[in-house]
Amino acid sequence: MMSVTASDNLTNAKRLRVASNSPIPSANAIVDPTMTKSAEAVASAFVKPPVTVGFFTACGIVIANIIGTGVFTSLGFQLADIQSGFPLLMLWIVGGIAALCGALCYGELSAALPRSGGEYHFLSEIYHPALGFMAGFISATVGFAAPVALAAMAFGKYFQGVFNFGSPVVLSFILVWIVALFHFGNLRAGSAFQNVWTVVKLLLIAALIVAGFLVQPKQPITFLPHAGDTRSIFSGAFAVSLVYVMYSYSGWNASTYIIGEVKDPARNVPRSLIVGTLVVMAAYVLLNAIFLATASESEMRGQLEVGLIAGKYIFGDNGGRVVGAIICLGLISAVSSMTWIGPRVTMSMGEDHWLLRFLGRKTVYGVPANSILAQLLIVNLLLLTGSFELVVVYIQFALLLCSLLTVLGVFVLRLRRPNISRR
């Protein structure tokens with residue numbers, strides 16, 4: 001397949017040749033007017049999207065994409081082998097530092113190779129287009145579609161549990177279609193929708209943390225280090241628990257998928273990755289501290305829904321419903337962020353490969369409508385089958401491998417292209 005990258009600075013004539021897969025006529029040749037109009041239409045479909053995303057929105061995308069249900073479900077499994085407060089909080093600090101290191105690496109790559117597409121674009125530029133295509137295919141089919149379906153199903157279950165209304169499957173379909181409609185419109189409408197629900201998510205989490213601080217009495221647990229904590233931190237149980245934590249931090253690279261739509265990307269994309277990851281890291285540490293300080297350790301141990309258990313201690317008998325509502329509303333921003341950034345991968349692939357060029361076409365507002373529709377159809381198919389959880393587990397290794405290769409690509413790019421601008 002033909003591969004074209006943004007760094008090639010193609011002229012308009014070359015873009016027409018790639019899009020239409022036809023030779024460029026000479027200056028003296030007689031050109032059919034209908035062919036000219038067709039070529040102009042193809043060229044207009046690949047115009048650069050409007051640059052409308054500022055730092056705040058880019059940061060919101062990172063935060064929304066990271067915070068899902070993981071932080072509300074992981075602690076129970078960690079308590080099975082670790083009972084001391086300091087190692088438990090260190091899990092979330094270590095996981096946050098690891099995510100921050102990844103964000104720093106992706107931040108450098110986004111400044112050096114400023115184009116939407118995430119791993120697809122980075123791996124194509126650093127290693128080989130075939131490797132980038134593989135990463136893009138994985139992202140397009142499972143990397144975003146399956147997490148959207150998972151989040152939508154979780155939304156349906158929490159919504160039905162909190163409000164005792166509707167079918168979880170029907171509610172999940174309604175959510176993904178409503179969110180997609182907002183992102184079909186234009187970039188400003190999608191940005192506004194994303195910002196509103198991200199702010200709502202953060203405010204609700206902040207309210208939960210503040211309410212937890214006010215609860216009396218507290219559980220007899222200390223977060224200061226004491227004898228035996230070092231052994232716990234270097235134990236196998238800590239390493240296994242860290243897997244759950246890293247899954248909860250996944251999504252720290254979100255804004256690299258929309259680099260082409262960000263204002264001053266060399267500055268705002270790296271900043272959004274770092275600030276967004278730091279905000280989430282603070283929220284995760286505080287949330288787990290509140291869960292441990294308010295809820296019974298024995299009651300949470302081995303349980304999946306530790307957030308709901310802690311909610312009962314914080315808000316009383318209806319506390320589980322309150323926390324369920326917080327999770328439910330927070331999932332809207334997660335679905336929105338993945339609906340926004342996922343299609344940008346297939347959009348970039350469509351711009352580079354003529355067989356997929358229909359995915360690269362954009363509306364007059366710069367929205368990759370075909371790519372959004374393609375991801376939406378995959379999400380609907382996954383929701384109908386309901387058998388995609390195992391797919392996510394099996395494909396997780398490939399996703400992590402793509403991220404690892406991208407991080408290593410920082411050093412490869414420094415060796416191969418040391419003079420490229422990185423700021």
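## Asn-253 and its loop

Asn-253 lies in the loop that links helix H12 (236–249) to helix H13 (265–294). Helices here are DSSP runs of H or I, at least four residues, numbered from the N terminus. The model is predicted: local features need pLDDT of at least 70, side-chain atom pairs count only at pLDDT 80 or more, and totals for chains, interfaces and linings use all residues. Residues are numbered from 1 along each chain as its sequence is written, and side-chain values use heavy atoms, without hydrogens and water.

Asn-253 has a relative accessible area of 8%, so it is buried (under 20% relative accessible area, 1.4 Å probe, protein chains only). Setting aside neighbours within four places in sequence, Asn-253 is in contact with Tyr-106, Glu-119 and Leu-273. Contact means heavy atoms within 4.5 Å.

## Helix H6

Glu-119 belongs to H6, where it is buried. Eight of the eight residues of H6 (residues 119–126) are buried, so the helix is largely enclosed by the rest of the structure. Among them are His-121, Phe-122 and Glu-125.

## H9 against H16

Helix H9 (residues 168–185) packs on helix H16 (residues 319–352) at about 50°, with axes 10 Å apart. Axes are lines fitted to C-alpha atoms over the stretch in contact, and angles run from 0 to 180 degrees between N-to-C directions.

H9 contributes Leu-175, Val-176, Val-179, Ala-180 and His-183 to the contact. H16 contributes Ile-332, Val-335, Ser-336, Thr-339 and Trp-340. In an α-helix, with 3.6 residues a turn, residues three or four places apart point the same way.

Note on methods: Helices (H or I, at least four residues) and strands (E, at least two) are DSSP runs, numbered from the N terminus. Buried means under 20% relative accessible area, exposed over 50%, partly exposed in between (1.4 Å probe, protein chains only).
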